[in-house]
2 protein chains.
Amino acid sequence: MTTAKRDTYTPETLLTVAVRVFNERGYDGTSMEHLSQAAGISKSSIYHHVASKEELLRRAVSRALDALFETLDEPGAVEGRAIDRVEYVTRRTVEVLMAELPYVTLLLRVRGNTTTERWALERRREFDQRVSELMRAAADAGDLRADVDDRLATRLLFGMVNSLVEWYRPHPGAAQEEEERLAGTVVRLAFDGLRTHR
Amino acid sequence: MTTAKRDTYTPETLLTVAVRVFNERGYDGTSMEHLSQAAGISKSSIYHHVASKEELLRRAVSRALDALFETLDEPGAVEGRAIDRVEYVTRRTVEVLMAELPYVTLLLRVRGNTTTERWALERRREFDQRVSELMRAAADAGDLRADVDDRLATRLLFGMVNSLVEWYRPHPGAAQEEEERLAGTVVRLAFDGLRTHR
């Protein structure tokens with residue numbers, strides 16, 4: 001008899017454990033044995049829920065990607081001036097990052113060694129491309145600076161946004177207010193810069 | 001007899017190989033055996049040059065840290081208005097990142113598992129703190145927006161700057177012109193934002 005606890009996991013709660021371990025050890029450095037130890041259930045119990053480690057990765061990065069892509073279909077992202085739509089998507093990206101922190105963190109660390117990782121990288125590029133096109137439209141309308149290539153601008157914008165995963169840690173309690181304040185700060189800096197305009 | 005080539009390394013050229021392997025495999029995932037294979041010399045030959053894997057890490061991150069800290073003592077960083085000094089340091093940080101790409105990449109990926117890694121993290125915080133103080137001075141002078149906490153602004157600024165290590169790859173040839181153009185773009189976006197000011 002092992003001391004493994006009774007398997008009360010759902011695919012969803014098992015995913016929470018797996019994402020934590022993936023972020024701690026790296027996806028490549030995580031074995032089913034590690035997941036079994038972290039979850040406190042046997043490997044065969046894990047295989048009862050999912051077919052493979054890669055399936056857990058796919059579910060995890062899908063959760064982040066779905067949340068990000070959904071923002072592109074929200075009214076704020078499809079109606080109105082392009083500049084306002086870029087700004088809306090930026091704000092929502094920050095909010096998704098904070099709300100789905102472990103999942104987005106994992107997505108941003110994906111390397112490309114497996115089919116699932118290459119698919120995730122491809123989807124990320126697609127998302128960046130969609131935002132890049134919005135940037136182009138805003139620049140064409142004269143609202144975004146035209147002296148910066150829109151792909152480069154998108155990269156630098158997401159460089160700033162994505163860097164939040166390195167240090168942002170939610171404080172239980174004041175979460176929503178804090179998230180809104182931080183998202184607002186990122187948007188102000190990205191769109192209006194650090195300098196005062198007098 | 002092994003097929004190991006004759007040891008013609010200097011500590012400096014050995015460092016180049018080590019940094020490449022650290023960035024590919026991660027520092028934790030790299031053994032002296034990996035370094036020996038990558039360099040094509042025996043482990044004992046490596047120990048002829050350095051005392052340990054950790055010494056190689058220390059030399060590598062020191063190279064990045066020294067280059068970054070040196071910018072803080074350059075005339076552009078110590079003379080004139082605080083806003084111009086922050087802008088100068090931002091531009092120079094981008095230039096150092098591009099010129100010392102593998103070393104800065106390694107520095108930014110340091111985790112904190114060993115004494116050397118914790119020392120490197122401490123030095124990085126010290127650098128951020130120095131820039132943060134310049135930001136405060138520029139905000140006090142009315143040149144930087146006062147509605148954003150200077151530590152948060154520093155984090156977001158370096159989030160944008162440091163994201164370059166994820167995708168910037170130098171093109172042999174047009175290197176210097178390209179570096180200057182990119183550094184200029186980062187500074188413009190960071191200080192004046194994406195939006196046109198009409």
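Biologist: What share of chain A counts as buried?
Modeller: In this predicted model, 33% of the 198 residues of chain A count as buried.

Biologist: And what is chain A built from, how many helices and how many strands?
Modeller: Chain A has 11 helices and zero strands.

Biologist: What box do the C-alpha atoms of chain A fill?
Modeller: Roughly 75 × 40 × 30 Å, along the principal axes.

Biologist: How much of the contact set in chain A comes from residues 24 or more positions apart?
Modeller: Such pairs account for 68% of the contacts in chain A with a separation of 6 or more.

Biologist: Switching to the interface. How many residues of chain A are in contact with chain B?
Modeller: 28 residues of chain A, and they touch 28 residues of chain B. On the chain A side, α9 (150–162) and α11 (175–192) each supply at least two residues.

Biologist: Which helix gives the most to that side?
Modeller: α9(A), with eight residues. By type, the chain A side divides into 14 nonpolar, eight polar and six charged.

Biologist: Is α9(A) enclosed or open, and why?
Modeller: It is largely enclosed by the rest of the structure, because 10 of its 13 residues are buried. Among them are Leu156(A), Leu157(A), Phe158(A), Met160(A) and Val161(A), along with Asp150(A) and Asn162(A).

Biologist: What about its length, how far apart are the end C-alpha atoms of α9(A)?
Modeller: They are 18 Å apart, which agrees with the 18 Å that 13 residues should span at 1.5 Å a residue.

Biologist: Now the core. How many residues are in the largest nonpolar one?
Modeller: 102. Those with the most contacts inside it are Ala60 and Val186 of chain A, plus Ala60, Val61, Leu107 and Val186 of chain B.

Biologist: What does Val186(B) touch, leaving aside its neighbours within four places in sequence?
Modeller: Leu156(A) from the other chain, and Val94(B), Met160(B) and Val161(B).

Biologist: And Ala60(B), which residues does its helix α4(B) meet in α7(B)?
Modeller: Ala60(B), Val61(B), Arg63(B), Ala64(B) and Leu65(B) meet Tyr103(B), Val104(B), Leu106(B) and Leu107(B).

Methods: Residues are numbered from 1 along each chain as its sequence is written. Chains are lettered from A and ligands numbered from 1 in the order in which they are written. This is a predicted model: local features need pLDDT of at least 70, side-chain atom pairs count only at pLDDT 80 or more; totals for chains, interfaces and linings use all residues. Helices (H or I, at least four residues) and strands (E, at least two) are DSSP runs, numbered from the N terminus. A residue is buried if 20 or more other C-beta atoms lie within 10 Å of its own, exposed if 12 or fewer, and partly exposed in between; C-beta atoms are placed from the backbone. Two residues are in contact if their C-beta atoms, placed from the backbone, lie within 7 Å. A nonpolar core is a set of buried Ala, Val, Leu, Ile, Met, Phe, Trp, Tyr and Cys residues joined through C-beta atoms within 7 Å. Ala, Val, Leu, Ile, Met, Phe, Trp, Tyr, Cys and Pro count as nonpolar, Asp, Glu, Lys and Arg as charged, and the others, Gly among them, as polar. The expected span of a helix is 1.5 Å times one less than its number of residues.
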